[in-house]
Protein chains: 2
Amino acid sequence: MSTDTPTVLPIHIRQTAPFRWDGVPLLAYKEEGGTQFNGVTRQVLFGGSGQLAAQLRYFEVSSGGYSTLERHAHVHAVMILRGGGDVLVGAEIFPLVTGDLVYVPPLTWHQFRATLAEPLGFLCLVCAERDKPSRPTAAELASLCTDDRVAAFVRV
Amino acid sequence: MSTDTPTVLPIHIRQTAPFRWDGVPLLAYKEEGGTQFNGVTRQVLFGGSGQLAAQLRYFEVSSGGYSTLERHAHVHAVMILRGGGDVLVGAEIFPLVTGDLVYVPPLTWHQFRATLAEPLGFLCLVCAERDKPSRPTAAELASLCTDDRVAAFVRV
């Protein structure tokens, strides 16, 4: 995110509807498609101005949906804002409710799933300068799935 | 915040009560006291590990309370999580409700006030490496207070 343009940011951004903000576009989770993720939207709340070393994004996963199973060197700092679900971090699965925090360490496989009837919405804080995620190779996926609980959890 | 100790952070931190988190200490807003602020607590949710270029803190201002009137080169990226109130940013006062976002530009005077019956709780994102805040000199305060609305708002 090296968009170092001297953007003038608005000082006050109203929440115009639950989990929508004035002038903040609702974006696709990622540009590429396929089955690697399902029912995820992204809104960039802060960052990319060059004055903040981090970005704060709001992601929402619709009921039954999931984020990409991936890992990267940069860390994630997450706060659940809406609903709940489950997250895989490494080889552990954690149930999530609103208000919970999740820290994803470097180079650790992770995937969020909206396993409840309502959407799973969360803030995700990342460094502005960060590496690209990678998805598991067939061998890495096979290794992950030697754990039956993980095998039953992951969506690819 | 140059505490670059290789801390192992927990992956999942439960919200144990509204706006309290498992193992996250409830801190004083600042070490110094006096009348510059009133009724403010601080919890550091993420940051200081050396792996994140930012810190995410949760501040709560009790009804009638206020944060310090101050400015600094680093920016604030804020999300209101609880209640509402008002914020002064520069020479403007903005009413705040839960879900609103506030961006405090560099070197801009700012003060949060919990003007409603309930507490004002907010996330505040800052760069991990940042300068110290400064409070207004008598001359700066006099200059700020040439605006009657600002004069009526600020607490020092």
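The legends below describe close-up views of a predicted model.

**View 1. Phe112(A) and its place in chain A.** In this predicted model, Phe112(A) belongs to strand β11 of chain A, which covers residues 110-113. Phe112(A) counts as buried because 28 C-beta neighbours lie inside 10 Å, where 20 or more are needed for that class.

**View 2. Residues around Phe112(A).** When neighbours within four places in sequence are left aside, the residues in contact with Phe112(A) are Val61(A), Tyr66(A), Ser67(A), Gly85(A), Val87(A) and Leu120(A). Leu88(A) stands 24 residues away from Phe112(A) along the chain, while a distance of 6.5 Å separates the C-alpha atoms of the two residues.

**View 3. The side of chain B that touches chain A.** Here 28 residues of chain A are in contact with 28 residues of chain B. On the chain B side, the elements that contribute two or more residues are β1 (12-13), β5 (38-46), β6 (54-66), β9 (92-96), β10 (101-104) and β12 (120-127). Of these, β10(B) gives the most, with three residues. By residue class, this side of chain B is made up of 21 nonpolar, four polar and three charged residues.

How values were computed. Residues are numbered from 1 along each chain as its sequence is written. Chains are lettered from A and ligands numbered from 1 in the order in which they are written. This is a predicted model: local features need pLDDT of at least 70, side-chain atom pairs count only at pLDDT 80 or more; totals for chains, interfaces and linings use all residues. Helices (H or I, at least four residues) and strands (E, at least two) are DSSP runs, numbered from the N terminus. A residue is buried if 20 or more other C-beta atoms lie within 10 Å of its own, exposed if 12 or fewer, and partly exposed in between; C-beta atoms are placed from the backbone. Two residues are in contact if their C-beta atoms, placed from the backbone, lie within 7 Å. Ala, Val, Leu, Ile, Met, Phe, Trp, Tyr, Cys and Pro count as nonpolar, Asp, Glu, Lys and Arg as charged, and the others, Gly among them, as polar.
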